[in-house]
Amino acid sequence: MEFVPGLVLCRRFHDEVVAPLLADRLPGLRYSAALLDGGSELLGLDTERSTDHDWGPRTQVFVADPAAVAPVRAALADLPPWFLGRPTRFLGWPTARVGVPDVAGDRTGVEVAVWRDWLRGRLGFDPTVAVTGDDWLAVPTQRLAELTGGAVFHDGLHGAVGAVRAALAWYPDDVWRHVLAAGWTRVGQAEHLVGRCAEVGDALGSRMVAARVARDLIRLGLLLHRRWPPYDKWLGSVFAALPDAAPVVAALADALGPDDWPARQAGLVRALETVAGWTNATGLAEPVESTVRPFHGRPFLVLDAPRLAAALRAATVDPALRDRPLVGAVDQYVDSVDVLTRPDRVRRVSAVVTG
């Protein structure tokens, strides 16, 4: 079977199956339809491998009135079992396998929900009312990547879905400055450790720390290009697709490769200087000299990344953000999937950490 990207498949599923059913059985219904929940297809990164679980003809149908949920579900209860050669019901892990149709499932790929309730459950707040600084910093960027990525198939709720996607398209400038400053703070806390590990013969430790710095630089690079960093599976893929990422990708490959410390340091130097230059180019703060220098009296070259954090903090207008601890957004200091996928847990952690 020829692979069709998930967003293409799902748009056709809505247009050719779901929309006609709703028009026939609930004429005049106001609804929006989209795919915003999760999955590699939302980033356009799905492949045939993705079809082995929870992949296929899917859509979310959003209504404004809770009383409309049951009638919509009833109208869509007897979907055809197949669409374009793919089952419309899913079993999911662990029985599904690539190339084996998931025909035994009884869970359809259509979710029906009240739009504002769905948003609160997904984000932990209602962006149709307001988005505060605390809200921005307590939502993982993966969630924002999903909600502003994916696709909208129909927006009959007076453009409500499109309006929220526009509102969440990017951080306000002061929040952006704060998150970038936190990212450079993380780099500054580790950049000198790569050489110190190597100096005592710990090549593995040196590479481990270099990998941490590389991940922070990749996230910073995406943030500097106004792209929401996805979770780790797709972090490198999305970064590498940036128009000017190739030199940094090559530099980080050297930093993480099998060569000795001088080659590792040379790769890190190129990556650090390039991403620092991107920071200056945003105009969010006074430019900072972006060449490396020795770490105090030690023979390790570092960017001295806290200089960039200080410049970004100094340019922050909102005093509440300017005085906030430089820990940034929640997924800059939490990497537990069991926390980041639960908005209630994320918001509690964020509230405690930031006071």
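Biologist: Which residues line the largest cavity?

Modeller: The lining of the largest cavity consists of T279, N280, T282, L284, A285, E286, V288, L308, A311 and L312. This is a predicted model, in which local features need pLDDT of at least 70 and side-chain atom pairs count only at pLDDT 80 or more, while totals for chains, interfaces and linings use all residues. Residues are numbered from 1 along each chain as its sequence is written, and side-chain values use heavy atoms, with hydrogens and water left out.

Biologist: What makes a space a cavity, and what makes it a pocket?

Modeller: On a 1 Å grid over the protein atoms alone, a cavity is a set of points where a 1.4 Å probe fits but cannot get out; a pocket is an open set with protein on both sides within 12 Å along at least five of seven lines; lining residues have an atom within 4 Å of a point. The structure holds three cavities of 30 Å³ or more.

Biologist: How much space lies in the largest cavity?

Modeller: The largest cavity has about 50 Å³ of space. A volume is the space filled by probe spheres set on the points, which are joined across faces, edges and corners.

Biologist: Which elements give two or more residues to the lining of the largest cavity?

Modeller: They are α12 (261-281) and α13 (306-315), and α13 has the largest share, with three residues. Helices (H or I, at least four residues) and strands (E, at least two) are DSSP runs, numbered from the N terminus.

Biologist: How do the lining residues of the largest cavity divide by class?

Modeller: Six are nonpolar, three polar and one charged. Ala, Val, Leu, Ile, Met, Phe, Trp, Tyr, Cys and Pro count as nonpolar, Asp, Glu, Lys and Arg as charged, and the others, Gly among them, as polar.

Biologist: Which residues line the second largest cavity?

Modeller: E191, V194, W261, Q265, L268, V269, L272, F300, L301 and V302 do, around about 40 Å³ of space. The largest share, five residues, comes from α12. The classes are eight nonpolar, one polar and one charged.

Biologist: How many residues line the largest pocket, and which lie nearest its centre?

Modeller: The lining has 42 residues, with G38, G39, Q142, E146 and Y231 nearest the centre of the pocket. The volume of the largest pocket is about 1000 Å³. α5 gives the most to this lining, four residues. The lining holds 14 nonpolar, 11 polar and 17 charged residues.

Biologist: At what angle do α3 and α5 pack?

Modeller: Helix α3 (residues 115-123) packs with helix α5 (residues 141-148) at an angle of about 150 degrees, with axes 11 Å apart.

Biologist: Why is α3 called roughly antiparallel to α5?

Modeller: Angles under 35 degrees count as roughly parallel, over 145 as roughly antiparallel, 65 to 115 as roughly perpendicular and the rest as oblique. The angle of about 150 degrees therefore makes α3 roughly antiparallel to α5. The axes are lines fitted to C-alpha atoms, for helices over the stretch in contact, and angles run from 0 to 180 degrees between N-to-C directions.

Biologist: Which residues of α3 and α5 meet?

Modeller: W118, L119, R122 and L123 in α3 meet R143, E146 and L147 in α5. Contact means heavy atoms within 4.5 Å. This contact has four nonpolar, no polar and three charged residues.

Biologist: What is the order of the strands in the open sheet of four strands?

Modeller: The order is β7-β2-β1-β8, with mixed pairing. β7 (110-114) and β8 (151-155) are the edge strands, as each pairs on one side only.

Biologist: How many bridges join β1 to β8?

Modeller: Four bridges join β1 (residues 32-35) to β8, and the two strands run antiparallel. Two strands pair if DSSP finds at least two bridges between them, so with four bridges β1 and β8 pair.

Biologist: Which strands does helix α1 lie across?

Modeller: Helix α1 (residues 6-25) lies across β1, β2 (59-63), β7 and β8, at about 20 degrees to β8.

Biologist: How many residues lie between β9 and β10 in their hairpin?

Modeller: Two, and H296 in the turn has a positive phi of about 50 degrees. β9 (residues 293-295) and β10 (residues 298-302) are antiparallel over three bridges, with P294 opposite L301.
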